[in-house]
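Hi,

Here is the structure I promised to pass on. Have a look first, and my notes follow below.

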Amino acid sequence: MNANESLPRVGPVLRTSGLEKEYGHGEGLVRAVDAVELEVASGETLAVMGPSGCGKSTLLHLLGGLERPTAGEVWLAGRRIDELSEKALARLRRHAIGFVFQAFHLMDELTAAENVELPALLAGRSPRAARRRAAELLEEVGLTDRKEHLPSALSGGQRQRVAIARALSNDPLVVLADEPTGNLDSAATLDVLRLLESLRSTGQTLLIVTHDARIAATADRLISMRDGTFVEETRLTHGPTGRLAELAGLER
Amino acid sequence: MQEAVRLSMEEPAQGYQLRVVREVLLALLAKEASHGYQLRARLQLALGPLAEALNAGHVYVTLTRLEKAGLVTSERVGQADRPDRKVYELTAAGRARVTDWLEDTSWPKPAPAEFHLKLVAAAAAGLADPVRLVDAQRHALLAGLAVAQRAALAEPDGSIAGLLLEGVVLRLQADLRWLEACARYWNATKGRS
Amino acid sequence: MSRALLVFRLASRDLRRRPVEAVLLLLAITGATTVLTLGLVLHGVTKGPYESTREATAGPDVVANVISEPTERERAERRPPATPVDSAGLEALTDAPGVVNHSGPYPLVLASVGANGHTAEAQVQGRDATPALVDQPKLTEGRWVRDGGAVFEAAFATAIGVGAGDSITLNGRSFQVVGVAVSAALAPYPVVSCLSFCSQSGVVWLTRGDALSLTPRRRAAGLILNLKLANPAAAPAFAAARNPKGPGQGAPPGSTQPTLLAWQDVREESADLVRNQAEVLRTGGWLLVLLALASVAVLVGGRMADQTRRVGLLKAVGGTPSVVAAVLLAEYVVVALIAAAVGLAAGWLAAPLLIDPSAGLVGRAGAPALTISTVGLVTAVTFGVAVAATVVPAVRAARTSTVLALADSARAPRRTPWLIALSARLPVPLLLGLRVAARRPRRIVLATASIAITVSGIVAALAAHLDLAADVVDPSSPLDITKADRFNEVLPVITITLAALAAVNAIFITWATALDARHSSALARALGATPQQVSAGLSAAQVLPALVGAILGIPGGIALFAAVGDSMTVPPLWQLLAVVAGTVLVAAALTAIPARIGGRRSVAEILQSELA
């Protein structure tokens, strides 16, 4: 049974309420995420920016069920997930959440295709269906000719594109990307940038944590984070072209 | 007396102008009334080596203009062994002008000096948290970047207009990097105070 | 010199950094060396004591006897033979060429002993009060025979529980036990002494008159003669030349031709009891050595990943490949040598516990000799184990390019395409488990091998048990019972040691595998595998090799027993199935623990830490 079908598509895909995460205790207490209220609508691309140590990666892990919050709630498609068991969270990640990491985290001994099909296999799909889906996705990200290559034979940008394809494997509700271009040079960043743009246009809900301005600029909405809280929020779409003239140096 | 001599000897034949010098001076006056020379000293401190490129009499001329425009008032203060000095004070109109300027996120081409001074003035006068100003400006630039980037990506490969747009994007990126540095500096300063 | 010092310092510091592993290594090898030492020591344990007994008692080179065989009717009626025994053949031997001295012939009478409410069979020799020139038994208690006084052979005395001063009956007549002695002429009780007849009776010495008085007509059932040869080494030839068909085959009834037994054969018989034990221990010892080899290889393999970067650093600061290899080897060799010393000491100290106190020989208990050859062999074996397990990884590490070593990419996991494709068709836990196993094939092979070795040992032990049970014809026979007892003492020791070592191995392999697979396990969980699936997979990665190893161990054990015990005995099917099932269950249980513990840390934590 596809868990996606049982989850409603109206309303925000992700929602948090009073989300908090603390580490350490006493003198060494660190509040990585401090009373965060967040809503991500379906099909929206949200970018979260901030200096290192501001808690944005922790926020992402909390949203994906990789960490448990100290306080507060996390709702995914109307279902509360912060109190689920590890087993239920795993099932959730199988069907509803896709991850993209800064360090790619591909399996070194598997080819690109084998890496991409892994979530589908974990979800119990037949090997043939999983392989077919992997081929489709690799074509979408433009790496069909590198299907049978090992990660060691791929450039950084190519590896991250494989990771993005893997995140899409089970048609997730939301893709969570943690500094997707953190380990990439500018050319590779451009490749990933284009890919994220095209993902946006398919209506995929994306939450990207980044310190790269160009990646953040692909979002519909941008939130700046500092010391665990949100400090500024802007809508980035629908900019007037007059703006462009001004930016390019034309004077009125 | 010496002041007047200095003024006449250093007639501005060359020297750079500061477009927002009016707004900066107004902001500096927001905290308390000051003498002209005090304002000039603060400006020189904030600009460092760049201050030398500025026209020497620029400040005084601007102050006169501001008074004429009704944004500041001046008062002569008598001194025992020196010629009288003017003390300038902000009016209500002047204060309104400062507030508008702080909230304005338009971004002129060579950016650093003006925005830099905005932050300095805001911090000195306690008018606004410089970090929040930086955040607001960053977001404004990112919105611009988003527009420019989308336009750039929409251009076919090898398009000449694409080159221009890429230039816009890259400059904005550079500005944004500086803004992050500003945020780090002012955040640290806040922590220290 | 300074280089050797550097090597030593680096090696010792590294050992101190990882004390648990060093201790495990030590335990693994020590277990093997202890058992090996026991086996080697016990093998020689009776040689010495027999010879000192021979010296102390002026033991004979050849023992000859002749008996008058009872007729069927006499045997049925349990009456001694009517015809007197003819001593002509024996007398002739005293003048045979090569004989320099003799004692006897002494009369032999079969009697039943009553003592402490038990009865036992005894063969009574009638002796003179004066010491004989050949075979004068050495007293360990009391005094020599006198009228009305009996002297018991030491092992027999212990077996039936009598000592000097006790009262006993012989054929109903009461005697007093005046002494307990040892002799080299016949093997100690309860070994079968085969001359003209094989008897499992203990030896008792009486005066001639008392001995003859035990029979109704004062007629001995047989005569026994002790001979001393000019050349003791020629005793077997001497005996073989004159025996009708060899000792124990029995001369025809009433014949005058005596049956001869050489002292070397007696010595062999004396060792009989302990020989089986020694055999078992030696075989078990070699099995443990193999297992220890597997353990060391696993430990070394697990450390090599850690070592690779050190190797890179060593090389980057100018260490030559030989220095690098030397440092790596030095650690293991040091531990191995310590293990050898500990094992030798432990084996030497434990040996007396396994030697029966009533061996009936002089100077047997308490100090079996630790010969130079034993020490040398054990040390060489331990050294060999350490070197064999470390040489391949050490050489490989030494030859790796420095850059690769520093980047730590020299230990990239292996890729096996067909296994990956196969695992895709399996349910999720097996998918994960198979892929985890395929990353480190060498470790899986070692795991399988160690289980196979252990199961071989257990199956061989079962076969030996079955063989022994079949051998024990007479459940009331004291010899068979003692043999069985000795065996039963030793088999469990071996089996338990094997099983314990294999368990330690299994835990260690699982731990290493879980650590190694930490990143891919965390990633699998991030991608949607439940913690239960992941730990089931890790378990499967160990249980499957255990199953294969157990199945391989069955023919292995049967072959092992056939090689050592000269007979092909197959334990019953249910026992074999029980062993396989037990191995699999234990493997599953052992591997479940570390696999479970690995699931506690949050996924995010592990993924972050794997970046560092």
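I'd start with helix α2 (residues 56-63) of chain A: it lies across β3 (45-49), β7, β8 and β9 (221-226) of chain A and runs at about 145° to β8(A). α7(B) packs on that sheet too, touching β9 and β10 of chain A, with its direction at about 35° to that of β10(A). Bear in mind that this is a predicted model: local features need pLDDT of at least 70, side-chain atom pairs count only at pLDDT 80 or more, and totals for chains, interfaces and linings use all residues. Residues are numbered from 1 along each chain as its sequence is written, while chains are lettered from A and ligands numbered from 1 in the order in which they are written.

On terms: helices (H or I, at least four residues) and strands (E, at least two) are DSSP runs, numbered from the N terminus. Contact means C-beta atoms, placed from the backbone, within 7 Å. Axes are lines fitted to C-alpha atoms (for helices, over the stretch in contact), with angles from 0 to 180 degrees between N-to-C directions.

The chain A sheet is open, with 6 strands in the order β6-β7-β8-β3-β9-β10 and mixed pairing (to pair, two strands need at least two DSSP bridges). β6 (97-100) and β10 (229-235) of chain A are its edge strands. Inside it, β7(A) (174-178) and β8(A) (205-209) pair in the parallel sense over 5 bridges, and A:Asp178 stands opposite A:Val209.

As for the contact between the chains, 21 residues come from chain B and 19 residues from chain A. α7(B) gives the largest share of chain B's side, 14 residues.

Cheers

Technical notes: Two residues are in contact if their C-beta atoms, placed from the backbone, lie within 7 Å.
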